[in-house]
Amino acid sequence: MHVPDGFFDGATSAGGAVVSAGALAVAARRATDELGERLAPLAGLVAAFIFALQMLNFPVVGGASGHLLGGALAAVLVGPWTAMLCVAVVLGVQAVLFADGGLSAYGINVLLIAIVPAAVGWVIFRIVRRLLPSTDPAVVTASGIAAFVSVPVAAAVFSVMYAIGGAVNLSFGAVLAAMIGTHVFIGIGEALITGAVVGAVMATRPDLVYGARDVEPTSRGLVNA
Amino acid sequence: MKRALLVALLVGVALVVFVAPHASSSPDGLGKVSADEGFDTGTAHDLADGPLADYSVDGVDNEGMSTALAGTLGVLVTFAIGAGAFLLIRTARTRHE
């Protein structure tokens with residue numbers, strides 16, 4: 001989903017940068033509440049891990065590929081505000097070192113890949129958690145569903161932004177249908193990878209999972225010593 | 001905690017070393033849709049000549065090795081910048097209180 005230079009007009013790129021900068025400023029204030037003492041190493045680790053996962057493009061239908069966005073995964077692991085900052089760091093490294101994602105589109109990319117998926121992912125995660133019993137497996141299930149939803153929503157936000165300031169004048173409906181049509185399948189990959197990672201961390205260090213803080217350790221049957 | 005960090009970093013490095021060279025090279029979702037729908041107006045990246053551009057290391061001819069090496073550098077640099085940024089945020093925040 002990394003937007004290159006030349007997709008959006010200058011005003012929209014600048015608007016994306018302003019909105020993203022505002023959201024990241026709020027996130028920076030809130031992130032310390034989420035992780036406290038453990039903030040720096042854990043958040044750095046989540047950023048590094050998402051960087052690695054974003055290199056793993058998997059094929060989807062119709063000759064396209066997709067890779068993890070990671071906002072929902074990061075939100076479950078370290079909280080939504082920290083998650084936005086983590087993915088924004090990943091996007092910065094990708095744009096500057098690896099020439100992936102246009103420099104002028106950095107704000108738009110932060111909005112589409114960091115802010116929207118983390119926010120949407122976290123909201124869906126909380127809703128699904130509320131519908132399920134408070135157990136470890138429910139955390140994994142909710143993570144997968146949240147991850148799935150976050151991808152087509154980000155694709156929809158792209159389509160809205162493209163209607164506002166895209167370089168080519170196209171029908172909003174056509175762009176939206178094509179974007180969602182492809183990204184629903186990428187969302188399935190997002191769900192599987194997110195579920196697998198959250199499941200692995202829950203199995204080994206459930207105490208490190210922000211989204212599982214309210215799960216009673218006794219529900220695990222065996223309290224980890 | 002230190003052990004968990006190390007294990008996770010190693011898993012991240014293992015993924016880019018062993019899996020990334022086999023990742024799909026098809027255009028990503030946005031690339032495909034923009035080509036199909038006629039809005040593929042992306043211009044060359046300003047830093048396209050960088051030593052690690054496109055996840056390959058300048059001067060390493062073996063494609064798989066180049067991807068693995070670029071990915072490893074990316075994982076380590078992202079960890080360092082991420083941890084550093086959050087350390088700054090935390091320090092700034094504690095000083096405020």
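Colleague: At what angle do H1(A) and H2(A) pack, and are they roughly parallel or roughly perpendicular?

Modeller: In this predicted model, the axes of H1(A) and H2(A) lie 10 Å apart and meet at an angle of about 105°. Angles of 65 to 115 degrees count as roughly perpendicular. The orientation of H1(A) to H2(A) is therefore roughly perpendicular.

Colleague: Which residues make this contact, and how do they divide by class?

Modeller: H1(A) contributes Ala31(A), Thr32(A) and Leu35(A), while H2(A) contributes Leu39(A), Leu42(A) and Ala43(A). By class, the contact has no charged residues, 1 polar and 5 nonpolar.

Colleague: Which element gives the most residues to the side of chain A that touches chain B?

Modeller: The contact between the chains takes 56 residues from chain A and 49 residues from chain B. On the side of chain A, the elements that give two or more residues are helices H1, H2, H4 and H7 and strands S1 and S2. The residues on this side comprise 41 nonpolar, 13 polar and 2 charged. With 12 residues, the element that gives the most is H2(A).

Colleague: What span should the 26 residues of H5(A) have, and how far apart are its end C-alpha atoms?

Modeller: At 1.5 Å a residue, H5(A), residues 106-131, should span 38 Å. This agrees with the separation of its end C-alpha atoms, which is 36 Å.

Colleague: Where does H5(A) bend, and which proline follows?

Modeller: H5(A) is mostly covered, with 20 of its 26 residues buried. The helix bends by about 30° at Val116(A), and the proline that follows within four residues is Pro117(A).

Notes: Residues are numbered from 1 along each chain as its sequence is written. Chains are lettered from A and ligands numbered from 1 in the order in which they are written. This is a predicted model: local features need pLDDT of at least 70, side-chain atom pairs count only at pLDDT 80 or more; totals for chains, interfaces and linings use all residues. Two residues are in contact if their C-beta atoms, placed from the backbone, lie within 7 Å. Ala, Val, Leu, Ile, Met, Phe, Trp, Tyr, Cys and Pro count as nonpolar, Asp, Glu, Lys and Arg as charged, and the others, Gly among them, as polar. Axes are lines fitted to C-alpha atoms, for helices over the stretch in contact, and angles run from 0 to 180 degrees between N-to-C directions. Angles under 35 degrees count as roughly parallel, over 145 as roughly antiparallel, 65 to 115 as roughly perpendicular and the rest as oblique. The expected span of a helix is 1.5 Å times one less than its number of residues. The bend at a residue is the angle between axes fitted to the seven residues ending there and the seven starting there. A residue is buried if 20 or more other C-beta atoms lie within 10 Å of its own, exposed if 12 or fewer, and partly exposed in between; C-beta atoms are placed from the backbone.
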